[in-house]
Amino acid sequence: MHDSSALHVVHEPETGPDLDAAEAAAARFLTALGIPIDSEGLRNTPRRMASAYAELFAPRPFDLTTFPNDEGYDELVLARSIPVRSVCEHHLLPFVGVAHVGYLPGDRILGLSKLARVVEYFACRPQVQERLTKQIADWLREQLNPKGVGVVIEAEHTCMTLRGVQATGSNTVTSTLHGRLRGDARSRQEFFALTGIHG
Ligand SMILES: [Zn+2]
């Protein structure tokens, strides 16, 4: 149970990124790889690399307000195909895909558009897909006290598809289920049927 009706979630790191240091390191990194950075096209690449990664690791601040479920709505709430953009922590290469996020309301509900912001919040950091899936599900369980939670993420990892086995187009699917969506076969089947995943 939660006392306050409004929850304020803001990403405020103690220190912002040091773009100058990141730029210098990126220049050394490229040089070490044998990539000359004195051409016109590459001259500003270290700065752009620093800015791009800084942006990937900075979720937009947002207010997240939950509401009491006064109407007693108890059917599955599902947001399908929420875009996921994250960076794998092993190679620092992007993984991109979609999330299907659902819950069976209990005490509190959340604005539908906010489900996408929760996904973004946990995606904007070095990640592994399994942990990202679980963090979203655990967060919803803790904040909404729902009867059930289901999160499925389907993503293509460029560290797999651009190198190594070159499995272009192959997707990795992860899921985390809590409560009734985990324990009740019919609820679970309904959830997976609505996401288009065959659980
Ligand atoms: Zn990777």
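Reader: What makes β7 and strand β8 (residues 172–179) a pair?

Author: Two strands pair if DSSP finds at least two bridges between them. β7 and β8 have 8 bridges, in the antiparallel sense. Glutamate 154 stands opposite valine 173 in β8. This is a predicted model, where local features need pLDDT of at least 70, side-chain atom pairs count only at pLDDT 80 or more, and totals for chains, interfaces and linings use all residues. Residues are numbered from 1 along each chain as its sequence is written.

Reader: How do you know that strand β4 (residues 94–104) pairs with β7?

Author: By the bridges again: β4 and β7 share 10, also antiparallel. Valine 101 has valine 151 in β7 as its bridge partner.

Reader: Why is strand β7 (residues 148–157) called largely enclosed?

Author: A residue is buried if 20 or more other C-beta atoms, placed from the backbone, lie within 10 Å of its own. In β7, 8 of the 10 residues are buried, so the rest of the structure largely encloses this strand.

Reader: Why are α3 and α4 called oblique to each other?

Author: Angles run from 0 to 180 degrees between N-to-C directions, with axes fitted to C-alpha atoms over the stretch in contact. Under 35 degrees counts as roughly parallel, over 145 as roughly antiparallel, 65 to 115 as roughly perpendicular, and the rest as oblique. The axes of α3 and α4 cross at roughly 135° and come within 10 Å. The two helices are therefore oblique.

Reader: Which residues of α3 and α4 make the contact?

Author: Val118, Val119, Phe122 and Ala123 of α3 meet Leu132, Gln135, Ile136 and Trp139 of α4. Contact means C-beta atoms within 7 Å, placed from the backbone.

Notes
A residue is buried if 20 or more other C-beta atoms lie within 10 Å of its own, exposed if 12 or fewer, and partly exposed in between; C-beta atoms are placed from the backbone. Helices (H or I, at least four residues) and strands (E, at least two) are DSSP runs, numbered from the N terminus. Two residues are in contact if their C-beta atoms, placed from the backbone, lie within 7 Å.
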